[in-house]
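Here's a quick briefing to read with the structure open beside you.

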Amino acid sequence: MAEISFQQTQRTSQIQSQKMSQRQIYSLSLLSMNSQELRSEVFSAVDKNPALEIDKDPLNGVSSVSKISKNFSDNLHYGSSSARGQEKADAFQEILESRPDNRETLQQHLLSQLNSSRVSESQYSLCRRLIENLDSSGFHILSPYSMLDKSDSNQTAALLEFCLDFVQNLEPLGTCCTNIEESLFVQAKARPDAPPAALFLLDGHFDFLSPPRPALVLKKIQDFAAGQKKKVFAASSSELEKSGFLSENFTVQDIENAISFIKTLEPRPARQFASAASPFVVPDVYVTKIPDSGAGTFQEKDVVSGNGRSSFKISVADNVIPSVCLASDYLQFEKSASDRKGEHSVSSEEKKFIESSVKNARIFIENLEFRSQTIVRACSAIVRFQLAFFEKGPKYLVPLRQKDVADAIEVHEATVSRMANSKYIQCEWGLFPIKFFFSNAVQQKDSIQQISSAPESISRQSVKFEISSIIKSQPPQAKRLSDQKIVELLEAKGIKIARRTVAKYRAQLNIESSYSR
């Protein structure tokens, strides 16, 4: 058997590797942020570095301030009546109207009370369903009876009545009702000072308050009571009183007091709460069509020439992100510290702190500029590749890879991926995620039936657009097209895809099958 030996040897090799510095890592993290995230990061940097200050904040309408709140301003701002002033006012109003709502939702508020209540498992389950079935006004979306779990024998109509009453009396009073009238009645019943006339009007006679003129309302009540007496003329006085027919004894003063009381109730008890959480999207890039002057193509980096009649200007959104600058007092302090080498007015630690703060502030400003330039360059490349889309519409989206854009602007593909992360482009055709413009190609049939104007390759989004157009163009009385028939119609247009691919794209478009349609 051959002997096995182990030996140690030394070798010299040369390896070239690249390690990113903390500055590069932070720069790329800023690039991956959307406008809302970057706004928060800017305020965080200003809070940490005294050498940075907010030069202008478009949301708060202020400029040249060192420290301001990062929250949206609720103050009124007055400007000139010029066109520029009106433009600023419109932009400020747009920001206020699109401000995200961070308040507690009605469901969260009610569930927190339900979780702290002692109820059975069946009661908790049904109450939770009722709470989750409420709209932004606190009213039922679906019928409460549809919330009953048929698999649970404990959930009966009696349990539903209990749960409805339980949720209606949670804070705020009057939610989990069918309409405003029922909500007001629930609130009135819970009030010990509720006038009998108010309870009568809210208990199925809300229409008597239209119009809310006491004399006219009293006349309607008296007519109603007289009509009911005729129907049940044989009823005893106790039955009439129980039915509310003695309401004809109300006076005008009673009605006035009832109307005044009803005005103190809340018709929409959920208005103080936020609506259900929903995505909040702010454009990060604007692509604006501008007419050509006829003097030739544009040479600016942020303008892409189109078909000769128009071009497209690419700009980073500046209506959310505040602009920052170096604090003037720190610059003067730094200069004074460097000039006073022989004096002891500034210690070495203070001088080091000032120089470090100014250096970090400059780096942060450079990183913001790098982010803006990279986004403009990448989106300009996207517009050049997808020029037909921006000129004619979504139908003309062509296949595009992130690598193609990276090669065009000479950066790594990962940089383009970070740039496109959670960002949106606003253009003539709507608001689109940047990643929407990166779409794989779909094979097309090379036949004489292919239209001459069709491109060599077509994107998935274009195929989806064609499928949607084919289905929508069908007459209502016509037989619904099957997936196989859609395959044949697409093939006639030069697009060759499998039937299962049509079914997948149709499902992604939320279009049901021919049997369900």
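Predicted model: local features only at pLDDT ≥ 70, side-chain atom pairs only at ≥ 80, totals over all residues.

**Helix α2**
- Helix α2 covers residues 35–48, so to speak 14 residues in all, and spans 20 Å from its first C-alpha to its last, close to the 20 Å expected at 1.5 Å a residue.
- Its buried residues are S35, L38, R39, V42, F43, A45 and V46.
- Looking down the axis of α2, these buried residues fall within an arc of 160°, so they line one face of the helix.
- That buried set packs against α1 (22–32), β1 (52–57), β6 (323–326) and α13 (348–385).
- On the face of α2 turned away from the buried side you'll find D47 and K48, both exposed.
- The N-terminal end of α2 is capped by N34, with a side-chain oxygen 3.3 Å from the backbone nitrogen of Q36.

**Helices α18 and α19**
- The axes of α18 (residues 483–492) and α19 (residues 499–508) come within 9 Å and cross at roughly 105°.
- On the α18 side, D483, Q484, I486, V487 and L490 make the contact, while α19 brings R499, V502, A503 and R506.

**Q168**
- Q168 sits in helix α6 (residues 157–168).
- With a relative accessible area of 9%, Q168 counts as buried, the cut-off being under 20%.
- The side chains of Q168 and E182 are joined by a polar contact of 3.3 Å.
- Leaving out residues up to four places away in sequence, Q168 touches L173, G174, T175, C176, C177, E182 and V186.

Note on methods. Residues numbered from 1 in each chain as written. Heavy atoms only, no water. Helix = DSSP H or I, 4+ residues; strand = E, 2+ residues; numbered from the N terminus. Expected span 1.5 Å × (residues − 1). Buried < 20%, exposed > 50% of the residue type's maximum accessible area, 1.4 Å probe, protein only. Arc of directions from axis to C-beta. Contact = heavy atoms within 4.5 Å. Polar contact = N/O pair within 3.5 Å; in protein donor to acceptor, adjacent residues only side chain to side chain. Axes fitted to C-alpha atoms, helices over the stretch in contact; angles between N-to-C directions.
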